[in-house]
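Dear colleague,

Please find below the structure that I am handing over to you, with its sequence.

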Amino acid sequence: MSGPENRHGTAEAAGSKPPTIAHVARAAGVSPSTVSRALNREHRFYRSPSAARIREVAAEIGYAPNPVASNLRRQQTNTIGVLVPRLTDTVMAMLYEEIATASLKRGYHTLVATTHDDPDREHENGEVLLQRRVDGLILTTARTDGGFCQDLARRNIPHVLVLRAFGDSAASVGDDRLGGYLATRHLIDLGHRRIALVAGPTYASSALGRRAGYEEALQEAGLPIDQQLILPSAFSMESGEDAGQRLLALEPRPTAVFAVNDNTAIGLLSAVQRTGLRVPDDLSVVGYNDIPLAARLSVPLTTVRVPFDAIAAAAVDQLIDLIAGAPAETRTVAPTLIPRRTTVRAT
């Protein structure tokens, strides 16, 4: 008599009762706990060749895990909570879709809540997600004062920060300092010397990193850091338009502007158009993130591309590792400068 039962010495598994983890362990020549780890998507061992071979044995003898019972034993729901400032922001919508896609590939579903970058709402909606028994949280809302992520760390709740970092919390981020440097260096290489910065909010580590890169590039080129040319802002088009109006009123005007995200850059372009000036003839502009609209503007926007898919996938992997007991770490992905038509050589 041939068949997988005989090959693996598990004829008892072919009886009236379905195969168990013990049957798989005997067939594979490992312990039941090793089988459990091989079948557990949240465990690092799951991705090893040895785990793959154990799953092949399990499939051959017809073992089918009960995910509901397994999750109840582990008190897990295979659900990830995601906190974002707002889904009307293109970057946040793009990032959430990538997180949801990466989660689904790992056998997880996602729940999302918005905070409007309000610390009280972040706490409130974060607690709502936890009450839904999510296994961990991904936050794009971290602030330089810590806030909710500090509370999560104190309570040993698995969480990963995305795009923004704080303290010892696990994070998946772009290299913002490098991105800010690339944007500003591009303008310097085009001969611009009076370069303004629409700097973003001071509570976001991403904005602070891009400002640090801007200042580094200026210092490297021997150019002064003129505080009059650095305007704090929100991450919105309205804020970019307001900043643009103030910058264009300066005497002398800057010849170029680096805006720390594409939304503020687009608002800035609107302000330039309303004054009768032209981009890039009168003002070169660089944005950040490379949202889909950037390449489709009447004058396509020079920007710094952030690989949201890689950042999201890393965040999901990190969170699943944390849930399985791995230590926190930060993963950083390099951005890329995308030159388009909003930047030209200074005259």
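In this predicted model, helix α6 (residues 90-105) and helix α13 (residues 308-323) have axes that come within 8 Å and cross at roughly 50 degrees. An angle from 65 to 115 degrees would count as roughly perpendicular and one under 35 degrees as roughly parallel; α6 is therefore oblique to α13. The crossing of α6 past α13 is right-handed. On the α6 side, the contact is formed by V91, M94, L95, E98, I99, A102 and S103, while α13 contributes F308, D309, A312, A313 and V316. Sorted by class, the residues of this contact comprise 9 nonpolar, 1 polar and 2 charged.

A second pair of helices was also examined. The axes of helix α11 (residues 237-248) and helix α12 (residues 262-274) come within 6 Å, with a crossing angle of roughly 45 degrees. These two helices are therefore oblique to each other as well, and α11 passes α12 in a right-handed crossing. Residues of α11 that make the contact include M237, G240 and L248; among those of α12 are N263, I266 and R274. The contact of α11 with α12 divides into 6 nonpolar, 7 polar and 2 charged residues.

Finally, one individual residue deserves a remark. A153 and S36 are separated by 117 residues in sequence and, from C-alpha to C-alpha, by 28 Å in space.

With kind regards

Technical notes
Residues are numbered from 1 along each chain as its sequence is written. This is a predicted model: local features need pLDDT of at least 70, side-chain atom pairs count only at pLDDT 80 or more; totals for chains, interfaces and linings use all residues. Side-chain values use heavy atoms; hydrogens and water are left out. Axes are lines fitted to C-alpha atoms, for helices over the stretch in contact, and angles run from 0 to 180 degrees between N-to-C directions. Helices (H or I, at least four residues) and strands (E, at least two) are DSSP runs, numbered from the N terminus. Angles under 35 degrees count as roughly parallel, over 145 as roughly antiparallel, 65 to 115 as roughly perpendicular and the rest as oblique. A crossing is left-handed if the near helix is turned anticlockwise from the far one by less than a right angle, and right-handed if clockwise. Contact means heavy atoms within 4.5 Å. Ala, Val, Leu, Ile, Met, Phe, Trp, Tyr, Cys and Pro count as nonpolar, Asp, Glu, Lys and Arg as charged, and the others, Gly among them, as polar.
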